[in-house]
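Here is a short report for a reader meeting this structure for the first time. Keep the sequence and the 3D view open while reading.

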Amino acid sequence: MSAKRVLVIEDDAWLGEHFASVLKDVGYKVKLEPHIFAAVGAVDEFKPDMVLADILLAGETIFPFLNELRSYEDTGELPVVVCSNLAADISFDDLKPYGVTRLLDKTTMQPDDIIAAVKDALQ
Amino acid sequence: MVAKRGEDKELRDGRLFSGDLPSIVAAAHELKAPLALIRQLALGLESSGAREENVGRIVLTAEKGLRLSSDLTKSLRLQDALFETEPINPLSLCKDVVHEMSPLFNAHNKKLVVAERKRQLLVVGNNSLLRRVITNFSDNALHYAESDKPVEISVRAVEGGEKVRLGVRDFGPAIPSNIWNNLVDKLTNSPQSVNARPQSSGLGLYIASQFAEAMGGEIGAVRHRDGATFYIDLQASKQTSLL
């Protein structure tokens, strides 16, 4: 069985590399993009099975990208895990319409939490 | 497009933290980002093969957080008029900033340079505040710039030589007009709570505008098709004996 593909959208390069490293270590294929403009292209080329994304990105927030995903038949059901410093200030219910299956708090989460959230989202 | 900070009453009269809860929330949010990164990098030390690299990143991120903390302190002290202005060689100051910031840029595989110029200029400003403004712009550029072209700091005369402009140019993806308008707004208004304005608080730019104002200058930004320039205009000094 081929490895599942995770598209990571994180504008902090070092944090993005850390997330990618954690996921690669347990066997996922990972593509890291810093902003939504690059992420749109990566959806077509990389064909991810799910998305792990920050909310506040360089330029735009993640929401226009998530709206774009929802609007296409082939990506409309793609699961999304959001990972943000704002997690404590956001209602998870507000994120559900964007296909978000889990909200992680960057300030409190452990590396294992990323793996668990991705695993759950892909089930 | 050029955006300039005007004579805004809110900026003239209001200082950061003058009983302004949204500003405190903005500051807390800005400090949360480097702290969260340090924590994640530290957690990664246990499993990461690149332990030495991660330790270096932790140090550089801590320094970034400390710079912001220091800016906030300076912002409070502006009220006490502790920062006197004097003639400054801006090119020399910019080279100092490049020296300070190069380890951070190098760690991101990016480059920060100063555009050389033959004719030297002097500005009237405060060395400490001006250095913080240029460092702040460079920090901002680091976040937005792509790695194939260096971020460039330049110094040039404007308004017929009456003023001197220190600009930090980054090369990155074009900024959408709605984001640009939001960013321009941050040059002229106090930082808002992240709940009220989700695209970050703009605290760094707001602090830079306060520092500029304390030196009798103003900050602004120019939108390019491939990035942006943030600049500060200061009064030119005629005291050529320092050159």
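## Salt bridges

Lys96(A) pairs with Asp93(A) in a salt bridge, and their closest N and O atoms lie 3.2 Å apart. Lys96(A) is partly exposed, because its relative accessibility is 46%, between the 20% limit for buried and the 50% limit for exposed. The model shown here is a predicted one. Over all chains, the structure holds 14 salt bridges.

Chain B supplies two further examples. Asp233(B) forms a salt bridge with Arg165(B), with 2.7 Å between the closest N and O atoms. Asp233(B) sits in strand S8 (residues 227-235) of chain B and Arg165(B) in strand S6 (residues 163-171) of chain B, so this pair ties together parts that are 68 residues apart in sequence. Are these two partners buried or exposed? Both Asp233(B) and Arg165(B) are buried.

Asp226(B) and Arg169(B) also meet through their side chains in a salt bridge, at 2.8 Å from N to O. Asp226(B) lies in the loop between strand S7 (218-224) and S8 of chain B, while Arg169(B) lies in strand S6 of chain B, so the pair ties together parts that are 57 residues apart in sequence. Asp226(B) counts as partly exposed, at 29% relative accessibility. Arg169(B) counts as buried, at 16%.

Glu10(A), Asp54(A) and Lys106(A) are joined into one network by salt bridges that share partners.

The three pairs with their distances are listed here.

| Salt bridge | Closest N to O distance |
|---|---|
| Lys96(A) and Asp93(A) | 3.2 Å |
| Asp233(B) and Arg165(B) | 2.7 Å |

## A charged patch

Which residues form a negative surface patch? Asp44(A), Glu45(A), Glu73(A) and Asp74(A) do. Glu73(A) is placed in the loop between helix H3 (63-71) and strand S4 (80-84) of chain A. Glu73(A) is exposed, because its relative accessible area is 80%, and exposed means over 50%.

## Positive phi angles

Most residues other than glycine have a negative phi. Two residues here go the other way.

Lys47(A) is not a glycine, yet has a positive phi of about 50°. Lys47(A) is found in the loop between helix H2 (36-46) and strand S3 (50-53) of chain A. Lys47(A) is exposed, with a relative accessible area of 57%.

Asn109(B) is not a glycine either, and has a positive phi of about 55°. Where is Asn109(B) found? Asn109(B) is in the loop between helix H4 (90-107) and strand S3 (112-114) of chain B. Asn109(B) counts as exposed, at 63% relative accessibility.

## Cysteines and a buried leucine

Cys83(A) is buried, with a relative accessible area of 1%. Cys94(B) also counts as buried, at 0% relative accessibility.

Leu60(B) belongs to helix H3 (residues 51-77) of chain B. Leu60(B) is buried, because its relative accessible area is 12%, and buried means under 20%. Leu60(B) and Gly44(B) are 16 residues apart along the chain, and their C-alpha atoms are separated by 16 Å.

How values were computed
Residues numbered from 1 in each chain as written. Chains lettered and ligands numbered in written order. Predicted model: local features only at pLDDT ≥ 70, side-chain atom pairs only at ≥ 80, totals over all residues. Heavy atoms only, no water. Buried < 20%, exposed > 50% of the residue type's maximum accessible area, 1.4 Å probe, protein only. Patch = residues over 30% accessible without salt bridge, like charges linked within 9 Å, V, L, I, M, F, W, Y side chains within 5 Å. Areas by Shrake-Rupley, 256 points an atom, 1.4 Å probe, with all protein chains shown as cover. Salt bridge = Lys/Arg side-chain N within 4 Å of Asp/Glu carboxyl O. Lys, Arg positive; Asp, Glu negative; His and termini not counted. Charge placed at Lys NZ, Arg CZ, Asp CG, Glu CD. Helix = DSSP H or I, 4+ residues; strand = E, 2+ residues; numbered from the N terminus.
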